[in-house]
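Thanks for coming. I will take one structure and walk through it part by part.

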Amino acid sequence: MTDLSPRRLPDPEEAAKLSTPLTSRGAMTSSAQPPKKAGFADGLYARYVKPYPRLVSGTFRRFKWITLFVLLGIYYLAPFLRWDRGPGAPDQAILIDMPARRAYFFFIEIWPQEVYYLTGILIVAAIVLFAATSLFGRVWCGFACFQTVWTDLFLWVEAKIEGDRTARMQLDRAPWTVAKLGKKIVKHLTFILIGFFTGGAWVMYFNDAPTVIGELATFSAGPWTTTFFFLFTFTTYIMAGWAREQACIYMCPYARFQGAMLDEDSLIITYEAWRGEPRAPVAKGQTDFAGRGHCVDCRACVQVCPTGIDIRKGSQLECINCGLCVDACNAVMDRFKLPRGLIRYDSIAAQAARAAKRPGKTRFLRPRTFIYALVLAAVGGVMIASLATRDRLGLNVIHERSPLFVRLSDGSVRNSYTLKTLNMLRQERRLEFAVEGIAPSQVTIVGQEAEGARAKLVVGADRVGEFRLFLTLPADRVPKGSAPITLRITDPQTGEEARARDIFAGPER
Ligand code: SF4
Ligand code: SF4
């Protein structure tokens with residue numbers, strides 16, 4: 001059964017190794033200090049024990065390196081991709097241009113009026129995440145989440161500078177010396193440098209990348225760019241350098257509700273207790289495992305875990321499904337010539353079948369995966385269809401309220417409106433204007449060509465146009481009260497048209 005309660009209990013092995021008590025961040029207090037009395041807070045919360053994950057190699061580790069390089073490569077390099085959109089348009093492939101209120105993604109250009117596409121993309125991403133979790137467990141957490149990816153990178157940097165697990169534990173316990181201070185300074189400066197790259201890449205998604213580099217290098221970036229650059233540098237440093245697994249355990253809401261997406265056929269990291277127990281250390285030269293479990297209680301699986309848990313206690317909220325414990329345990333199994341997979345990436349259903357020595361395997365096709373696939377196909381289909389057929393011409397109308405109408409000296413009645421046209425093409429358009437529902441004797445659009453009831457509008461390329469419109473009806477055609485009308489603009493070259501509804505107001509009789 002999945003235990004979803006957050007627990008960060010001290011690792012008994014670490015507790016035994018450390019002869020002096022730990023502070024709240026895991027650093028040692030002086031052994032000369034008297035042991036701290038348990039306070040009120042100590043009774044409520046387990047003390048934080050910092051994990052010191054050991055480096056490991058194996059299939060999951062390799063896969064994590066590949067995803068790390070691919071994802072970081074995309075994140076850092078994508079702002080430099082170019083996409084030709086014609087003269088006057090930004091040539092950055094992925095860009096959120098806040099001043100111009102546009103978002104560009106290769107050939108797709110999103111206007112503020114189309115922000116629902118971004119909502120649609122978020123919905124599709126959420127369904128993909130739910131489907132992936134239902135099928136493969138917390139693969140997002142273990143391999144692709146930005147917290148995991150940057151923490152992984154920072155842990156690697158830390159291991160390269162301070163050494164692997166034991167060396168880091170010893171360094172943190174050792175008194176402050178010049179060598180220790182030097183290592184800590186180099187490590188934190190490297191973290192901050194990675195933070196600079198991360199913050200720099202982030203602001204490049206909102207500004208032209210080469211321009212931003214020049215501005216940051218010459219300290220001439222604007223206040224927003226500078227603020228977000230330092231904000232993302234700082235959050236990268238804090239989240240991956242300090243918060244690490246605590247972000248997953250205490251801050252991430254997804255860790256809390258992902259249990260609802262898992263069932264007995266979801267792939268998760270599991271320990272085969274039926275095969276591993278009773279666990280016991282191996283005596284020197286022992287090769288016979290009859291009458292005992294295959295777990296040699298070496299704690300290699302705990303030592304490599306980035307969240308510091310013992311997967312042998314069962315599935316836990318803290319487990320991000322990274323699979324590093326599988327790599328560690330497989331290496332131990334190889335050493336003792338035991339079958340691999342004591343800790344494995346498997347479903348509870350398949351594991352239960354193996355434990356009972358009956359046939360049984362993971363079912364990937366099941367009602368919930370069908371439902372996710374259907375919802376995904378429906379939402380994705382609607383998104384693609386609406387993107388492919390969306391209008392690049394728009395019209396809005398605002399009726400003048402004060403006064404609602406004006407009676408002219410010849411008895412005719414005039415209404416005035418503000419027209420807002422939306423030309424999403426990168427070329428000027430000459431549009432034909434028409435009114436349906438009434439037959440005006442005169443259409444006037446200020447600054448535009450008009451003849452009797454017909455008018456033409458010239459709208460600039462890639463912009464919202466605003467025009468003042470007057471409609472005049474002769475006295476004998478003036479409606480009583482108001483009459484519904486439809487205003488229409490048509491591009492004779494492309495055949496596109498846009499409509500807006502309003503009223504023509506006359507006096508009550
Ligand atoms: S228990 Fe294993 S899979 Fe889970 S977080 Fe720890 S190392 Fe990763
Ligand atoms: S790595 Fe394998 S053998 Fe060692 S303690 Fe963990 S489960 Fe047992």
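Which residues does Val 326 touch, not counting residues up to four places away in sequence? They are Phe 60, Ile 269, Ile 343, Arg 344 and Tyr 345. Touching, or contact, means that the C-beta atoms of two residues, placed from the backbone, lie within 7 Å.

Before going on, some housekeeping. This is a predicted model, in which local features need pLDDT of at least 70 and side-chain atom pairs count only at pLDDT 80 or more, while totals for chains, interfaces and linings use all residues. Residues are numbered from 1 along each chain as its sequence is written, and chains are lettered from A and ligands numbered from 1 in the order in which they are written.

Back to Val 326, which sits in helix H15. Helices (H or I, at least four residues) and strands (E, at least two) are DSSP runs, numbered from the N terminus. Is Val 326 buried or exposed? Val 326 is buried, because 27 other C-beta atoms lie within 10 Å. The cut-offs are these: buried is 20 or more other C-beta atoms within 10 Å of the residue's own, exposed is 12 or fewer, and partly exposed is in between, with C-beta atoms placed from the backbone.

Next, the cores. A nonpolar core is a set of buried Ala, Val, Leu, Ile, Met, Phe, Trp, Tyr and Cys residues joined through C-beta atoms within 7 Å. The largest one has 40 residues, and those with the most contacts inside it are Cys 301, Cys 325, Ala 328, Cys 329 and Ile 343. Elements that each supply at least two residues of this core include helix H6 (146-162), helix H8 (178-204), strand E4 (267-271) and helix H14 (300-303). H15 gives the largest share, six residues. Apart from this core lies another, of 17 residues, among them Val 413, Phe 433, Leu 469 and Leu 487.

Ile 343 has a contact list of its own: Ile 269, Tyr 271, Cys 301, Ile 311, Cys 325, Val 326 and Cys 329, again leaving out residues up to four places away in sequence.

Now the ligands. Around ligand 1 there are 14 residues, of which Cys 305, Ile 311, Cys 319, Cys 322 and Cys 325 come nearest. A residue is near a molecule if its C-beta atom, placed from the backbone, lies within 6 Å of it. This shell divides into 11 nonpolar, three polar and no charged residues. Here Ala, Val, Leu, Ile, Met, Phe, Trp, Tyr, Cys and Pro count as nonpolar, Asp, Glu, Lys and Arg as charged, and the others, Gly among them, as polar.

Ligand 2 is also surrounded by 14 residues, and the closest are Cys 295, Cys 298, Ala 300, Cys 301 and Cys 329. H14 and H15 are the elements that give two or more residues to this shell. The largest share, three residues, comes from H15. By type, the shell around ligand 2 has 10 nonpolar, one polar and three charged residues.

On to the sheet. Five strands form an open sheet in the order E11-E12-E9-E14-E15, with antiparallel pairing. E9 (residues 429-436) is joined to E14 (residues 482-490) by five bridges, and Phe 433 stands opposite Ile 489 in E14. Between E14 and E15 (residues 497-505) there are nine bridges. Ser 482 has Ala 505 in E15 as its bridge partner. The hairpin of E14 and E15 has six residues between the strands, and Gly 495 in this hairpin takes a positive phi near 80 degrees.

Ile 445 lies in strand E10 (residues 442-445). Ile 445 counts as partly exposed, because it has 17 C-beta neighbours inside 10 Å. Residues that Ile 445 touches include Phe 433, Ala 450 and Leu 469.

Last, a distance. Val 326 and Glu 436 are 110 residues apart along the chain, and their C-alpha atoms are separated by 71 Å.

Methods:
Pairing = 2+ DSSP bridges.
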